[in-house]
Amino acid sequence: MDQPTMPQPQPSVSLPVSLVADVQDALLMAMTDLQRLEGLLDHATGNLLERFGSANHALAHLARHDDEDLSRIRHSLHQAVTELQFHDMATQLLVHTGKILQGCAWKLADETMEPEEGELPICLDPVPERPSPVTQSEMDAGSIELF
C-alpha cells in the first residue's frame, strides 16, 4: 500500500535582522561601485574614441603619399577602435552583475524582514538565469561571442 508523500519542509536558517540588513547594504554598495565603474569605462572609452579620431584626422594630410608606414598606422588605429568592443563586453558584465546583486539584496530582505504596517510587498526583479551575458576568453579578432 502506497503512503502519500508529505512535502518536505524547506531548510531554513535563522539570521539576526541586523546581519541581513548589513549584508543587504553591502550588496547595494557593491552595486553602486559597479555603476561608478561603468561610468568610468564610458568616460575612458569616449576619450579613446576621440583621440583615435584626432589621430586619424591628423594622418589625413599624409594620405597623398602611398607610404607603407601610413598604411600600418591606419591599420593599427582601425584595430584599436575594434578592440574597444571591450567596453561593450565590460558594460554588459557590470550590468549583469549589478542585477544579480540587486536581486540578492531584495530577495534577502523579502525572505527575512517583515514588511512594516501599510508597506507594500517588494516587487522582485528576477535574478538573471544565465551566468554571464559575455563568453569571451580573449580579445583576438573574431573571438568575441556577445550572446
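Tutor: We go from the overall layout to single residues.

This is a predicted model, in which local features need pLDDT of at least 70 and side-chain atom pairs count only at pLDDT 80 or more, while totals for chains, interfaces and linings use all residues. Residues are numbered from 1 along each chain as its sequence is written, and side-chain values use heavy atoms, with hydrogens and water left out.

Student: How many helices and strands does the secondary structure of the chain come to?

Tutor: Helices (H or I, at least four residues) and strands (E, at least two) are DSSP runs, numbered from the N terminus. Here there are three helices and zero strands, in the order α-α-α from the N terminus on.

Student: Where is confidence lowest and where is it highest?

Tutor: pLDDT is the predictor's confidence in each residue, from 0 to 100. The chain averages 76, and 74% of the residues score at least 70. Confidence is lowest in α2, with a mean of 78, and highest in α1, at 86. Over residues 141-147 the pLDDT is below 50, although that stretch has 17 contacts in the model beyond near neighbours in sequence (a contact means heavy atoms within 4.5 Å). Where pLDDT is low, the predicted coordinates should not be read in detail.

Student: What should helix α1 span?

Tutor: The expected span of a helix is 1.5 Å times one less than its number of residues. Helix α1 covers residues 17-59, so its 43 residues should span 63 Å; the end C-alpha atoms are 63 Å apart, which agrees.

Student: Which residues of α1 are buried, and what do they pack against?

Tutor: Buried means under 20% relative accessible area, exposed over 50%, and partly exposed in between (1.4 Å probe, protein chains only). In α1 the buried residues are V20, Q24, L27, M31, L34, L41, T45, F52 and L59. They pack against α2 (68-83) and α3 (85-112). Of the 147 residues of the chain, 19% count as buried.

Student: Which residues make up the largest nonpolar core?

Tutor: A nonpolar core is a set of buried Ala, Val, Leu, Ile, Met, Phe, Trp, Tyr and Cys residues joined through side-chain atoms within 4.5 Å. The largest one has eight residues: L27, M31, L34, L41, A90, L94, L101 and A105. Helices α1 and α3 each supply at least two residues of this core. Apart from this core lies another, of five residues, among them F52, L59, L77 and L84.

Student: What is L94 in contact with?

Tutor: Leaving aside neighbours within four places in sequence, L94 is in contact with L34, L37, E38 and L41.

Student: Is T91 buried or exposed?

Tutor: T91, found in helix α3, is buried, because its relative accessible area is 14%. Not counting residues up to four places away in sequence, T91 touches E38 and D42. V95 is also placed in α3, but at 34% relative accessibility V95 counts as partly exposed.

Student: Which side chains meet in a salt bridge?

Tutor: A salt bridge is a side-chain nitrogen of Lys or Arg within 4 Å of a carboxyl oxygen of Asp or Glu. The count by this rule is one: R36 and D33, at 3.4 Å from N to O.

Student: Why are R36 and D33 separated by about one helical turn?

Tutor: An α-helix has 3.6 residues a turn, so residues three or four places apart point the same way. R36 and D33 are three residues apart in helix α1, and therefore about one helical turn apart. R36 is exposed, with a relative accessible area of 59%, whereas D33 is partly exposed, at 43%.
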